[in-house]
Amino acid sequence: MSRSNPEKIKPQSAQEVALIYCEGKKTEQALLKRFRTLYSVKTGLSARIYPGIGGAPLSMVQKALRVPGAFNQRVVFCDGDSGSSELKKAQALASSQNVFLIVNRPCIEAVILAILSPQKDNFSSKKTKELKTLLTTLLNGTDLALFLQKKMTRKQIEAQRKTISSLNAILSLLENQGK
């Protein structure tokens, strides 16, 4: 552990290396880094988070396949707010190339809000634009990564794990329980 950051752990030699290709550089990357801090310590898994620049699920799978490196697993962590035909194409390509596709429905903001404010609302029924506004309001000008580090606990995450399939899938991966 580090004196300045009690959550920082010395690097361990990883037995497996997973690429997690995510949709955005801010929201998804901040959330995945928080999950990695809480869940992948001493698991033998090194999770490399590679932020994309948005895009549809199909193009994200294609881009994840082009990332160089010797990865035991390739994972695409994306939003499910695109059309169903787009998702089917992405699932078909991911399946044929041994890429694990994790889809957040409708978007990552719904997952974050469900973890931080579980009693407030059914976030999965709202539109992405509305969810982004709700998250911005909740942050109140605070940097998302810092906010998640201070406010999002393992207990809160575990409370939502059984009800949000994409959350359970990414956490199981980080715990090195496989697909």
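## Ground rules

Residues are numbered from 1 along each chain as its sequence is written, and side-chain values use heavy atoms, with hydrogens and water left out. Because the model is predicted, local features need pLDDT of at least 70 and side-chain atom pairs count only at pLDDT 80 or more, while totals for chains, interfaces and linings use all residues.

## The sheet

Let's start with the strands, which are DSSP runs of E with at least two residues, just as helices are runs of H or I with at least four, both numbered from the N terminus. An open sheet is built from 4 strands in the order E2-E1-E3-E4, with parallel pairing; two strands pair if DSSP finds at least two bridges between them. Strand E2 (45–51) and strand E4 (99–104) are at the edges with a single partner strand each, so one side of each has no neighbour in the sheet. From one strand to the next the twist averages 20°, taken between lines fitted to C-alpha atoms, with angles from 0 to 180 degrees between N-to-C directions.

## Strand E3 and its partners

Strand E1 (residues 16–22) pairs with strand E3 (residues 73–79) in the parallel sense over 5 bridges. In E3, Arg74 is the bridge partner of Leu19, and Val76 is that of Tyr21. Towards E4, 6 bridges join the parallel strands, and Asp79 has Asn104 as its bridge partner there. The chain gets from E3 to E4 through helix H3 (residues 84–96), in a right-handed β-α-β crossover (with the strands pointing away from the viewer, the path from the first strand over the helix to the second runs clockwise).

How many of the residues of E3 are buried? The count is 7 of 7, where buried means under 20% relative accessible area, exposed over 50% and partly exposed in between (1.4 Å probe, protein chains only). Gln73, Val75, Phe77 and Asp79 are buried on one side, and Arg74, Val76 and Cys78 on the other.

## Rings

The whole structure holds 1 aromatic pair. Tyr21 and Tyr50 are stacked, at 5.5 Å centre to centre and 20° between the planes (Phe, Tyr or Trp rings, the six-membered one for Trp, with centres within 6.5 Å; stacked under 30 degrees, edge-to-face over 60, tilted for the rest). The two lie 29 residues apart, Tyr21 in strand E1 and Tyr50 in strand E2. Tyr21 is buried at 4% relative accessibility, whereas Tyr50 is partly exposed at 39%.

Elsewhere, Arg154 sits over the face of Tyr39, 4.1 Å from the ring centre (NZ of Lys or CZ of Arg within 6 Å of the centre and within 35 degrees of the ring normal).

## Cysteines

There are 0 disulfides, counted as cysteine sulfur pairs within 2.5 Å. Cys22 is buried at 0% relative accessible area, and Cys78 is buried at 0% too.
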